[in-house]
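The sequence and structure come first.

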There are 2 protein chains.
Amino acid sequence: MRHFTFCSVLQGKELEQLAGIVHRDATAAHSFLFQEGDPAHEVFNILDGTVKLYKSLPDGRTQITGFLFPGDFLGLSTKGDYSYSAEAVTDVRVCRFQKRDMTVMFKDYPKLVDRLLTIASDELAAAQEQMLLLGRKTAQERILSFLRIMSERAQRRGQPASPIHLSMSRADIADYLGLTIETVSRTLTKLKDKGVLKLPRPQEVILAAGYDLAAAAEGDA
Amino acid sequence: MRHFTFCSVLQGKELEQLAGIVHRDATAAHSFLFQEGDPAHEVFNILDGTVKLYKSLPDGRTQITGFLFPGDFLGLSTKGDYSYSAEAVTDVRVCRFQKRDMTVMFKDYPKLVDRLLTIASDELAAAQEQMLLLGRKTAQERILSFLRIMSERAQRRGQPASPIHLSMSRADIADYLGLTIETVSRTLTKLKDKGVLKLPRPQEVILAAGYDLAAAAEGDA
DNA sequence: CGAAGACTTGAAACCGGTCAACTGGAGTGG
DNA sequence: CCACTCCAGTTGACCGGTTTCAAGTCTTCG
């Protein structure tokens, strides 16, 4: 299936109707799309770049709950206030629209409801998978799971499975996997020494051909 | 707000219409409602008892992603196959109906769509909170967070905030918090020795009056 | 070329895990 | 009625993977 964004679909079909409803916007790396506690009346669709979602404790400890890439939605299934923060990891382009306008779209395009539920279902399944990772996997399994996730999402965007380009820092990877930056770095080095992967640059991972990433990420030797 | 189940609401209003659609059922403790990989065509509403949802790794390591109590839904936002297993912790009574029948209900009761999205949104927020717990909290913070969650959910069902009745075993608590049963036990003992709580029986926790559980669960001294 | 920041590497400490023994209450049967 | 068994929960001693603290190295960019 071909990769596409919600916005581009809308453009093709209902451009005039949606003029003044859908807005395009650019956001610089490290700036917020919104923060925990902000009222959630906007929905975003990522056009380009990487966004991180996270929650923090009072003393600063942080857990990244997900990364967003082109085509992904943000804020769709959020009611009331945002319960997490969204920050641009790289420079980002998004399209945004008011949630109340989406209700209007529901009436005209009832299939959107189904699509929305599918997205919510996928998000929840990913969240449960991440709980398994955070609660029960070793550092090495977490790193391999992370590489697998990044590789599969790149493929869904039409990119090759390997090399994997990591647009986020070691600190972000650590905050996503519930580890420290040192453990992330050490574990990658160990995998490199084992011949599982190559690291020509810190942000580029080349997987060894024939390595069963999925099995290794689940602890199957 | 008064506690009620979806089923009881339906009963009052649309009993005849739904005859043959909604079924009541009893399930013994430790038996499955469904397992990971089963096709997801049923939706459940818990009437009585406790249910656990979990995912496992090939070697048996298990992460419980949530507990369900009377009034809670199960399978609502699941598309395709279940990506997790659901098992009765205690004897359980549920009401069940086919998801395809729910689509019919959508047409007659459009507010259900909104309610559905609210449930999905709440589930996702809880999942993110749990990721923060699993990725970044200490054993003591996890136990206190757990007690807080159990207490608040009991209150939503019209029960007092304390004493807290734990219907699940130490093993289930451990699998929910990403710990071992020994650490769960030790941490509870430590909190008892500090005077934070009393443990008249393993499944009954009495919180010290005036103790700020919410703050302690987030690491505020 | 120099500075700043990201990443890596090393050594030591520590929190929670592992392994093992003990306790206590519920249920059973002599 | 009491001894026995069973199993969940508790407690203790030790271990080890990950964190912490502290240097190093590499890259980028002015």
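The axes of helix H3 (residues 111-136) of chain A and helix H3 (residues 111-136) of chain B come within 9 Å and cross at roughly 20°. Axes are lines fitted to C-alpha atoms, for helices over the stretch in contact, and angles run from 0 to 180 degrees between N-to-C directions. H3(A) is therefore roughly parallel to H3(B); angles under 35 degrees count as roughly parallel, over 145 as roughly antiparallel, 65 to 115 as roughly perpendicular and the rest as oblique. Helices (H or I, at least four residues) are DSSP runs, numbered from the N terminus.

H3(A) passes H3(B) in a left-handed crossing, that is, the near helix is turned anticlockwise from the far one by less than a right angle. Residues of H3(A) in the contact include Val113(A), Ala120(A), Leu124(A) and Met131(A), and those of H3(B) include Val113(B), Ala120(B), Leu124(B) and Met131(B). Two residues are in contact if their C-beta atoms, placed from the backbone, lie within 7 Å. The residues of this H3(A)-H3(B) contact divide into twelve nonpolar, six polar and two charged. Ala, Val, Leu, Ile, Met, Phe, Trp, Tyr, Cys and Pro count as nonpolar, Asp, Glu, Lys and Arg as charged, and the others, Gly among them, as polar.

## Model and symmetry

This is a predicted model, in which local features need pLDDT of at least 70 and side-chain atom pairs count only at pLDDT 80 or more, while totals for chains, interfaces and linings use all residues. Residues are numbered from 1 along each chain as its sequence is written, and chains are lettered from A and ligands numbered from 1 in the order in which they are written.

Chain A is superposed on chain B by a rotation of 180° with 0.0 Å of shift along its axis (RMSD 0.0 Å). The two copies are thus related as by a two-fold rotation axis. The superposition is by least squares on the C-alpha atoms of residues with pLDDT of at least 70 in both. The copies meet through the same surface, because 100% of the interface residues of chain A are also interface residues in chain B.

## Packing within chain B

Helix H4 (residues 139-156) of chain B packs on H5(B) at an angle of about 110°, with the axes 11 Å apart. H4(B) is therefore roughly perpendicular to H5(B). Arg142(B), Ile143(B) and Phe146(B) in H4(B) meet Ile173(B), Tyr176(B) and Leu177(B) in H5(B).

## Surface near DNA strand D

DNA strand D is surrounded by 17 residues, the closest being Ala139(A), Thr183(A), Ser169(B), Ser185(B) and Thr189(B). A residue is near a strand if its C-beta atom, placed from the backbone, lies within 6 Å of it. H6(B) gives the most to this surface, with six residues.

Notes: Helices (H or I, at least four residues) and strands (E, at least two) are DSSP runs, numbered from the N terminus.
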